[in-house]
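These are my notebook entries on one protein chain.

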Amino acid sequence: VSTQSTGVDPEILLHLLFLNPKKKKMLSRNLAKARAAAKDGDIELSIQAHRPPLETVDTDRDDETLQTGTFEVAKEKHQKGGEFVKSMVFGGLDGVVTTFAVVASVAGARLEYAVVLIMGFSNLLADGLSMGLGDYLSSKAEFEYIKSEKTREAWEFDNYPEGERREMVEIFANKGVERADAVQMIQIFSKYKDLFLDLMMVSELGLMPPPEKDESAKDGIVTFFSFLIFGSIPLFSYIFSLISVSPQKESGIDTAFIIAIILTALSLFVLGSVKAKFTGQKWWKSGAVMLLNGGLAAAMAYLVGFTLSKIIDSGK
């Protein structure tokens, strides 16, 4: 929208957009409702999502509109530890699939339950450590890269602000903003260094601003323990079978393997359903896809184990 054509004071526009940055308040909405509305095409729900309870915002401006205005501000609610749910889900999914693939291959080869546990736990610890370290190193590398890019942008802005403003004007103009409006907008935004740096990170580099703290180590730890916990589920039935005095297989039926299949299928479907929270899929569809993925991996592993055991036996 052209501020020249509307006659809106650019300073007032900035305060309307960011609700007085001095007080660090943000215009927000109910994100869960907004996503649900967009997915279902529900306009009424979308309107509700963007109308949280009203809260009066005081400003230091003398402008009468801003002094008496009431804005819709949603108070932010952060769930402690919620940022690590993603690592937990994906670590758990990898743990369940890889461990059950090992179990299926051993079951296909008709080996003893003790072999299942030895190979299963060996794979669990080795892969879990690899996954945890991999998550830590990749997250840390990403954090350090983004941090260094922001530091570079800050240095460039401090030493040659005109050049940075010119770059942003070009970016806005390329996105369809009239050049006069782009110049005016960048002049306003550049008064607020932190805001302008974040804007440059997204618009110029395609990078989200880095978090205040590096939590790569926590990501790695969560992934590691999630891999261990969920990855041990396919082994539960074998542990119980060895602890109990009942025979491993009755009437030619591998009971422990059947129970492992059921437990693994439930785990995959539940974790896949939770994964839908991050992918935007329907929960049942995401759960079914993960179940299919795990099933195909297990079937392939079982087939390989069964085929190799037959080849080896025939050569004896």
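For the contact entries below, I take contact to mean heavy atoms within 4.5 Å. I also note at the outset that I am working with a predicted model.

**Entry 1: glutamate 149**

I began with glutamate 149, which I located in helix α7. Setting aside neighbours within four places in sequence, I found glutamate 149 in contact with Met201, Leu205 and Leu207. I then looked up its distance to proline 210: the two C-alpha atoms are 9.7 Å apart in space, while 61 residues separate the pair in sequence. Is glutamate 149 buried or exposed? I record it as buried, because its relative accessibility is 14% and the limit for buried is under 20%.

I next followed the side chain of glutamate 149 to arginine 152. The two form a salt bridge, with 2.7 Å between the closest N and O atoms. Arginine 152 is partly exposed at a relative accessible area of 31%, whereas glutamate 149 counts as buried. I also noted that this pair belongs to a salt-bridge network that links Glu149, Arg152, Glu153 and Glu156.

How many salt bridges does the count give? I recorded nine. I looked up two that reach from helix α7 to other parts of the chain.

- Lysine 150 meets aspartate 198 in a salt bridge, its closest N and O atoms lying 3.0 Å apart. Lysine 150 is in helix α7 and aspartate 198 in helix α10, so this pair ties together parts that are 48 residues apart in sequence. Aspartate 198 is partly exposed, at 26% relative accessible area.
- Aspartate 214 and lysine 140 form a salt bridge through their side chains, at 3.0 Å from N to O. This pair links distant parts of the chain, 74 residues apart: aspartate 214 sits in the loop between α10 (193–205) and α11 (216–231), and lysine 140 in helix α7. I noted aspartate 214 as partly exposed at 33% and lysine 140 as partly exposed at 25%.

**Entry 2: serine 139**

I then turned to serine 139, which is also found in helix α7, a helix that covers residues 113–159. Its relative accessibility of 16% is the reason I list serine 139 as buried. Which backbone oxygen lies 2.8 Å from a polar atom of the serine 139 side chain? I identified the backbone oxygen of aspartate 135. Leaving out residues up to four places away in sequence, I found that serine 139 touches Ser216 and Asp219.

**Entry 3: nonpolar cores**

I looked up the largest nonpolar core, which has 17 residues; Phe100, Val103, Ala104, Val116, Leu235, Tyr238 and Phe257 touch the most other members. Helices α6, α7, α13 (255–279) and α14 each give two or more residues to this core. Which element provides the largest share? I found that α6 does, with seven residues.

I followed one of the core members in more detail. Beyond residues up to four places away in sequence, leucine 235 touches Thr99, Val103, Val116, Leu117, Gly120 and Phe121. A second, separate core has 12 residues, among them Ala154, Ile186, Phe189 and Met200.

**Entry 4: arginine 110**

I checked the loop between α6 (85–108) and α7, where arginine 110 is placed. Arginine 110 has a positive phi of about 60 degrees, although it is not a glycine. I list arginine 110 as partly exposed because its relative accessibility is 47%.

**Entry 5: a nonpolar surface patch**

Finally, I looked at the surface. Which residues form the nonpolar patch there? I recorded Met300, Leu303, Val304, Leu308, Ile311 and Ile312, which together have about 580 Å² of accessible area. Leucine 308, one of these patch residues, lies in helix α14 (residues 283–315).

Key
Residues numbered from 1 in each chain as written. Predicted model: local features only at pLDDT ≥ 70, side-chain atom pairs only at ≥ 80, totals over all residues. Heavy atoms only, no water. Patch = residues over 30% accessible without salt bridge, like charges linked within 9 Å, V, L, I, M, F, W, Y side chains within 5 Å. Areas by Shrake-Rupley, 256 points an atom, 1.4 Å probe, with all protein chains shown as cover. Salt bridge = Lys/Arg side-chain N within 4 Å of Asp/Glu carboxyl O. Helix = DSSP H or I, 4+ residues; strand = E, 2+ residues; numbered from the N terminus. Buried < 20%, exposed > 50% of the residue type's maximum accessible area, 1.4 Å probe, protein only. Polar contact = N/O pair within 3.5 Å; in protein donor to acceptor, adjacent residues only side chain to side chain. Core = buried A, V, L, I, M, F, W, Y, C linked by side-chain atoms within 4.5 Å.
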